[in-house]
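Let's take a walk through a protein model together, one piece at a time. Have the picture open and follow along.

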Amino acid sequence: MLRPHHLTASVLAVLLAALLWALGTRHVIGDKPVPPLGRFFSPQEGFWCNATALAQQRPAELLLRGLSAPVQVVWDDVGVPHLFAQNDTDLYRAQGYIMATQRLWQMDFVARAAAGRVSEVVGAAAIDFDRGQRRKGMLIGAEASHAALMADPMMAPLLTAYADGVNQYIASLSHADLPLEYKLLDHRPEPWSPLRSALVQQYMVENLSGWDRDVEDTHARARLGAVLHELLYPARPPGVVPTVPTDSTWNFTAAPTPAPASYDPVKVLQRDGHRSDPTNGSNNWAVHGSRTANGHALLANDTHLGLNFPPIWFPVQLATPDHRVFGFTIPGACGVIIGHNEHAAFGVTNAPRDTRDWYHITWQDDRRLAYRDGDAWRPATIKVERIQVRDAADVVDSVRITHHGPVMYDEHFGDVPARAQLALRWMGHEPSLTQKALYLNNRVKSHADHVEALRYFSAPAQNWVFASTRGDISMRIQGTFPNKWPDQGRFILDGADPAHAWQGFIPFEHTATQVNPARGFVSSANQHSVDEGYPYWFYNAHLEYYRNRTINTTLSEERKWTVDDVQRLQHSGLDLRAREALTVLLPLVDQARLNAEGRSVYEQLERWDHHARHNGEEAALFQLWYDSLRVDLWEPLQQPPLAFGEPTPYNTNRILGDSTLRAQVEAALDVNVRAIVNNTFSALVNERKEQGVRTWGQVNNARVMHLARIPALSREALPVDGCGTAVNAQRGNHGPSQRFVVELSDPPKAWFQLPGGVNGNPGDIHYDDLLQEWLTPTYRPVLFLATAEERPATTQLTVLQP
Amino acid sequence: MRMLITIVTVAALGAVLGYILPFWSLAFAAAIAGMLVRPGPWRALMGGLVGGAMLWGGLAAWADAANTGILSARIADLFGASVTVLKLITAAIGGVLGGLGCVLGDRLRGPRTN
């Protein structure tokens with residue numbers, strides 16, 4: 001029988017149901033997504049569960065099915081795991097599992113981003129990004145590499161075991177255990193797979209070879225003519241010493257590709273808007289034992305990438321009865337990339353090399369079903385991409401695939417209105433066994449082993465530095481490189497002309513290598529790889545001109561090198577760019593017309609030792625002045641319909657420092673250099689008067705940002721010296737993403753730094769506990785254990801049981 | 001006394017169910033508590049509110065203390081609030097779920113007839 005209290009109960013039930021719905025659902029308020037608040041605030045499943053206790057006792061045992069024997073995991077003081085397994089399959093199953101416990105959201109998100117599936121999580125804001133990823137063929141490359149790896153009888157079971165390890169961890173998670181980011185963004189981890197490992201690799205290939213200026217150079221060439229274009233955007237300006245110079249003759253017979261007679265850059269218009277950061281780069285070097293204080297070779301490596309939480313790199317020790325290696329891996333990869341084992345140390349910097357070209361496609365008609373290839377019409381494959389978008393309808397995009405590659409830009413994507421049909425030919429689309437190279441390289445005993453391991457290293461092309469306990473040092477510029485004719489792919493190519501297609505690759509045996517050179521060191525910093533003595537054509541649109549010279553000059557000094565020296569060099573804030581620019585610019589300032597304030601700024605810059613100190617003003621003054629000066633100077637090159645981009649600082653300094661070149665540019669571009677120098681200097685002085693003194697730290701804002709760009713999970717205004725062109729290449733949200741120094745004693749001793757921490761959980765003490773050390777040359781010694789049993793008392797042990 | 005029993009029952013049942021079921025289980029636990037204890041609507045509301053708030057606020061404070069506030073400082077920054085406000089929001093959501101759930105349970109069973 002219905003009573004009054006039942007009516008109250010019904011009203012309450014409706015009210016409660018509405019409340020539970022509101023608290024259990026993600027809302028978008030304005031354009032800000034708000035996580036389901038009930039779930040998020042629940043101390044039994046929400047963010048409070050990620051507040052891990054500081055006196056954290058790691059579990060003594062965990063179950064990992066599929067192991068053939070227990071795997072011991074030693075956690076050191078800063079949370080670095082050291083894995084001891086009885087065989088390779090167990091090792092990588094455990095690596096997958098342990099990696100997931102520390103960095104699950106990161107690896108999941110990176111694989112998702114590589115595949116162009118971010119809109120599923122964040123909504124319509126990422127549609128353009130996702131379309132770009134798919135149109136540039138990220139999945140084409142990842143699937144090709146995946147197929148090659150799974151066809152390899154050695155690698156397939158290892159990658160499968162790794163994925164299984166990740167998946168066992170995912171399967172063990174309740175909502176309460178999920179990483180914080182899943183709760184904030186309200187999504188779930190996806191199962192891992194070898195394909196997703198290939199996607200992570202593809203993400204790195206894109207990061208390190210996803211930049212060119214073919215479109216800009218094509219138009220600049222057409223508008224300015226070859227002479228002025230070469231003056232402003234030279235492929236090889238004077239004064240460059242490459243990573244591997246031609247010391248003597250090369251010990252192979254080269255077969256470079258001759259240029260076709262018909263070659264003429266195609267003049268079409270389309271801006272390439274989807275490029276990775278061209279300043280992704282690094283430093284590495286090795287000093288021969290004959291030049292070190294204790295006779296052991298030294299190896300150093302620091303990689304300049306976006307500075308993120310969680311860091312891109314993950315330090316780990318991996319051991320089986322056959323080998324033990326310590327180093328840095330990327331979540332999603334088996335083994336380590338940069339590191340050392342008992343016999344050798346190895347590291348990488350990006351080898352800038354043009355492995356990405358644009359082909360203009362001539363369609364038969366508006367339906368774009370067939371395109372011209374020589375005298376014939378060739379059918380295009382149409383790939384339909386369906387992009388799921390959170391809180392919105394799916395987006396369907398059809399991508400035309402040609403034999404050159406996918407048509408990234410057309411009337412449906414790119415500039416509006418689109419002005420060109422451009423297909424991307426990219427080494428990133430080729431199958432890559434890079435993962436196998438890493439596996440073999442982790443186990444090298446000699447330089448010969450190292451070279452053999454790199455036989456499988458195709459992309460992203462890297463300058464591999466190597467040093468062994470036997471005393472060998474070497475630099476090898478490894479990747480698979482198209483064998484191009486001079487200027488092939490520097491400009492847009494004609495997709496209809498078969499002579500414009502890639503004509504094969506430079507053989508592995510012709511790789512530029514330097515072993516135990518007379519100067520007693522090898523080094524690389526993303527400068528030109530080789531000089532004109534190398535028999536194959538070399539080109540890249542973005543090259544480094546300053547760090548490499550600072551390193552080489554310092555390494556050439558007469559002294560016996562120590563670990564301390566190497567660490568200090570990694571932290572050098574000397575800005576050679578500022579030194580060379582000021583040498584040219586200050587004499588152009590009309591001192592007679594300076595007021596007291598201007599005089600003081602002038603003298604400050606004149607006295608400066610060109611070290612970019614965060615608490616000093618000079619680097620800020622220089623950077624602000626130089627930026628505005630270059631904008632004004634090169635403004636005539638930035639006109640619609642397509643900006644050509646600014647000439648490099650190196651070339652700017654070269655032109656400004658040479659009165660003949662300066663006059664040539666002044667006449668061609670109708671600019672007055674002296675007036676620009678003086679006007680921008682006055683503006684700088686006035687700005688300083690109005691806004692007050694700003695330190696380099698304030699202007700640079702060195703910061704480590706969370707991968708999802710959440711400021712509350714990031715660290716800003718870090719007190720760091722250095723700048724983009726210093727060895728300590730710290731520039732805003734970009735810089736040394738790890739530092740590593742190895743002394744090749746027996747066994748090797750190593751030291752490292754990481755801008756963040758091992759654990760990806762913002763509630764964990766190891767989220768950012770290594771950041772403080774990274775700010776200065778305070779290095780942490782690597783714990784390189786022979787067995788789990790010899791672990792220090794401060795470590796903890798977890799045994800993974802089958 | 002009945003108020004105290006309500007508070008304890010809501011908190012205890014909420015704690016147990018919360019480790020098995022999602023966040024809404026607190027309202028469910030409070031409803032069961034209301035049906036069992038039948039404290040009357042006002043005592044149900046107040047008892048459920050206090051029980052739910054104490055449970056969620058208490059667990060949050062416990063986790064926060066063990067973590068020395070590392071995470072709560074970051075989340076507070078994210079929401080543009082203070083850590084205290086964060087804990088108050090947590091307690092408030094717990095309180096509302098407990099209070100409403102408990103009244104609902106009490107009203108489903110109706111007033112005591114003895």
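Two residues are in contact if their C-beta atoms, placed from the backbone, lie within 7 Å. By that rule, the meeting of the two chains involves 34 residues from chain A and 33 residues from chain B. Before we go on, a note on the model: it is predicted, so local features need pLDDT of at least 70 and side-chain atom pairs count only at pLDDT 80 or more, while totals for chains, interfaces and linings use all residues. Residues are numbered from 1 along each chain as its sequence is written, and chains are lettered from A and ligands numbered from 1 in the order in which they are written.

Which helices make up chain B's side of this contact? Helices (H or I, at least four residues) and strands (E, at least two) are DSSP runs, numbered from the N terminus. In chain B, α3 (41-66), α4 (70-79) and α5 (83-109) each give at least two residues to the side touching chain A. The largest share, 10 residues, belongs to α5(B).

Two packed helices are described by the angle between their axes and the distance between the axes. For α2(B) (residues 25-37) and α3(B), the axes come within 11 Å and cross at roughly 140 degrees. Axes are lines fitted to C-alpha atoms, for helices over the stretch in contact, and angles run from 0 to 180 degrees between N-to-C directions. The pair is therefore oblique (under 35 degrees is roughly parallel, over 145 roughly antiparallel, 65 to 115 roughly perpendicular, and the rest oblique). Where do they touch? Leu26(B), Ala30(B) and Gly34(B) of α2(B) meet Ala44(B), Gly48(B) and Gly52(B) of α3(B).

Over in chain A, there are 22 helices and 29 strands. Find the open sheet of 11 strands with mixed pairing, ordered β3-β29-β4-β5-β9-β10-β11-β12-β20-β21-β23; two strands pair if DSSP finds at least two bridges between them. β3(A) (61-63) and β23(A) (513-515) stand at the edges with a single partner strand each, so one side of each has no neighbour in the sheet. Inside this sheet, β4(A) (residues 71-75) and β29(A) (residues 796-801) run antiparallel, joined by five bridges. Val73(A) sits opposite Thr798(A) in β29(A).
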